[in-house]
Amino acid sequence: MGLLEPTREAFALLFRGDPELLQIIWLSLWLSIAAIALIAPPAIALGVLLAKRRFPGQRTLVVLAQALLSFPTVVIGLVIYLLLSRRGPLGSFELLFSPTAIVIGYMVIAFPILVVFTVSAVQGADPRVFETARSLGASRMRAALTILWEVRFGITAAIVNAFGRVVSEVGCAIMVGGNIAGLTRNMPTAIALETSKGDFAQGIALGMVLMAIALGINVVMALLQGEGGLK
Amino acid sequence: MSQVLLAAEGLQRRLGGRRVLDGISLNLERGQGYVLSGDNGSGKSTLLRVLAGLEAADAGVLRFQGEQTQLPRYPDSWRPRAVYVHQHPYLFHTSVAGNIAYGLKARGEPRERWLHKVEEAMDWAGVREVAAVPPQKLSGGEKQRVAMARAKVLTPELLLLDEPTANLDAEGRRRVMDLLARLYAEGVSVLIACHDRELIELPGVQRLHLENGKLS
Ligand SMILES: Nc1ncnc2c1ncn2[C@@H]1O[C@H](COP(=O)(O)OP(=O)(O)O)[C@@H](O)[C@H]1O
Ligand SMILES: [Mg+2]
């Protein structure tokens with residue numbers, strides 16, 4: 001079969017605002033945003049702590065976070081699957097194949113990205129920021145928040161990056177979400193599984209949306225790097 | 001005899017295998033000005049930073065207004081009373097006014113109280129003309145004056161200024177010197193590090209010289 005017809009259909013779906021398509025896009029974005037919003041505060045706080053404080057095991061934690069960055073998301077999905085499955089230790093919550101399970105997976109995937117980016121942003125901050133804040137009477141907490149403000153482009157980059165990673169990942173979302181229509185079917189799982197059933201048009205339409213998001217993220221990152229370079 | 005504001009005894013600091021501060025003791029009096037001279041690398045910044053609680057000393061005792069501490073412990077409550085200003089001050093990425101308000105906000109002062117103080121401090125330092133300029137775009141002298149206003153607005157008892165006129169042109173230096181003289185006249189104790197003995201001329205200023213980890 002030719003590519004032309006499904007592509008035409010894909011555009012039709014997009015411009016018509018096909019409800020099923022919109023539902024999938026909406027769910028994808030919503031689950032990703034929820035996961036990032038929940039995990040960003042603790043991850044950023046840990047990043048600041050790892051960057052500023054010297055304590056035993058601190059290096060190990062940073063190396064561990066860096067190692068987690070390259071962890072295959074399907075394996076993260078597998079681990080969460082085992083934990084949430086009926087016989088697993090968290091089975092009684094009956095979360096497997098629910099949107100909550102996907103959010104948990106996304107949080108696990110985003111966590112090391114946010115931590116590692118925050119550590120490098122805070123370590124890259126001018127040491128005079130903390131000293132100036134402290135000398136002017138700021139508490140350690142307030143001085144740490146001032147550092148975050150001064151490196152806000154780096155922190156935003158961390159968040160944008162983490163969002164980009166979770167919104168497009170397939171492995172974990174399929175494992176723990178199960179691609180249930182209207183409940184856990186998001187853009188990447190729909191592309192992966194619906195295409196194999198022969199629904200090319202939807203796959204192409206969602207693929208274009210994901211590409212647009214990826215492009216948008218790259219543009220934002222380039223702009224942030226430009227802003228950061230101003231300093 | 002004037003009242004001792006800050007007394008230091010037996011300050012020790014080793015850096016890179018060298019005794020940068022080798023048992024330094026000094027008394028800083030209320031309302032007195034001090035110029036601390038010494039070659040590059042003699043430890044002037046280290047001494048100022050230890051007195052401001054920004055750098056740990058290996059040993060030593062500090063007394064600030066009757067309150068005493070064994071270093072490296074340094075009470076948080078002392079910091080905004082003995083403010084350190086970097087040789088190249090760091091201005092936060094907000095407005096000039098936001099920078100000057102920083103310590104007042106950290107102290108928890110309500111906006112209606114600090115707003116007026118910030119205005120006054122901007123006039124004092126002569127930075128109102130540049131209030132709309134992003135702080136990172138200011139000249140070295142303007143940055144220095146904003147940093148001095150940011151410290152002065154907290155009404156500290158002691159200002160520790162690290163080579164405030166280094167790398168400034170004649171006009172920039174004149175304006176910073178003018179502020180120093182006024183601080184001094186207002187009864188704030190100032191300790192100014194500077195590697196040129198002749199540079200800082202203030203009436204009745206006491207001169208200290210740092211060499212081989214000792215004061216003379
Ligand atoms: N973090 C550090 N580690 C090792 N040596 C340092 C460190 N900071 C400063 N020094 C050394 O301590 C000495 C004193 O430095 P400093 O107080 O900055 O001198 P000054 O302000 O008089 O130029 C210098 O020899 C400097 O190289
Ligand atoms: Mg110095």
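Over all chains, the structure holds 26 salt bridges, and since the coordinates belong to a predicted model, every distance and area discussed here is a computed value. Side chains of opposite charge can pair when their charged atoms come close. One such pair within chain A joins E5(A) and R8(A), with a nitrogen-to-oxygen distance of 3.4 Å. The two residues stand 3 positions apart in helix α1 of chain A, which spans residues 4–16, and so about one helical turn separates them.

That helix belongs to a chain built from 11 helices and 0 strands, so that the pattern read along the sequence of chain A is α-α-α-α-α-α-α-α-α-α-α. Taken along the principal axes, the C-alpha atoms of chain A fill a box of roughly 70 × 45 × 25 Å.

From chain A the reader can pass to its contact with chain B, to which chain B gives 23 residues and chain A gives 18 residues. The size of an interface is often given as the accessible area lost when the parts come together. For chain B and chain A the buried area is about 1800 Å², with 56% of it coming from carbon and sulfur atoms. On the side of chain B, the three residues Y90(B), H93(B) and Y102(B) supply 35% of the area that this chain buries against chain A, more than any other three residues.

The rule finds 2 salt bridges across the interface of chain B and chain A, and one of them links R49(B) to E131(A), whose closest N and O atoms are 2.7 Å apart. Residue pairs in polar contact across the interface of chain B and chain A number 9, with both partners at pLDDT 80 or more. The elements of chain B that give two or more residues to the side touching chain A are β6 (82–85), α2 (96–106) and α4 (140–152), and the largest share, 4 residues, comes from α2(B). Sorted by class, the side of chain B that touches chain A has 13 nonpolar, 5 polar and 5 charged residues.

Chain B also supplies the surroundings of ligand 1, among them G41(B), S42(B), G43(B), K44(B), S45(B) and T46(B), together with residues such as R18(B), V20(B) and D39(B). Oxygen atoms of the ligand approach the protein in several places: one is 3.3 Å from a polar backbone atom of S42(B), one is 2.8 Å from a polar backbone atom of K44(B), and one is 2.5 Å from an N or O atom in the side chain of T46(B). Of the 570 Å² of accessible area that ligand 1 has on its own, the protein covers 57%. The elements of chain B that give two or more residues to the shell around ligand 1 are β2 (18–29) and α1 (44–51), with α1(B) contributing the largest share, 3 residues. By class, the shell around ligand 1 divides into 2 nonpolar, 7 polar and 3 charged residues.

Most residues other than glycine have a negative phi, and most peptide bonds are trans. The peptide bond from L71(B) to P72(B), however, is cis, with omega near 10°, and P72(B) lies in the loop between β5 (67–70) and β6 of chain B. T155(B), a residue other than glycine, has a positive phi near 45°, and its place is in the loop between α4 and β7 (158–162) of chain B.

Note on methods
Residues are numbered from 1 along each chain as its sequence is written. Chains are lettered from A and ligands numbered from 1 in the order in which they are written. Side-chain values use heavy atoms; hydrogens and water are left out. Contact means heavy atoms within 4.5 Å. Buried area is the accessible area (1.4 Å probe) that two parts lose on being put together, summed over both. A salt bridge is a side-chain nitrogen of Lys or Arg within 4 Å of a carboxyl oxygen of Asp or Glu. A polar contact is a pair of N or O atoms within 3.5 Å; within protein, one must be able to donate a hydrogen and the other to accept it, and residues adjacent in sequence count only if both atoms are side-chain atoms. Ala, Val, Leu, Ile, Met, Phe, Trp, Tyr, Cys and Pro count as nonpolar, Asp, Glu, Lys and Arg as charged, and the others, Gly among them, as polar. A residue is near a molecule or strand if one of its heavy atoms lies within 4 Å of it. Accessible areas come from the Shrake-Rupley method with a 1.4 Å probe; for residues, only the protein chains shown count as cover.
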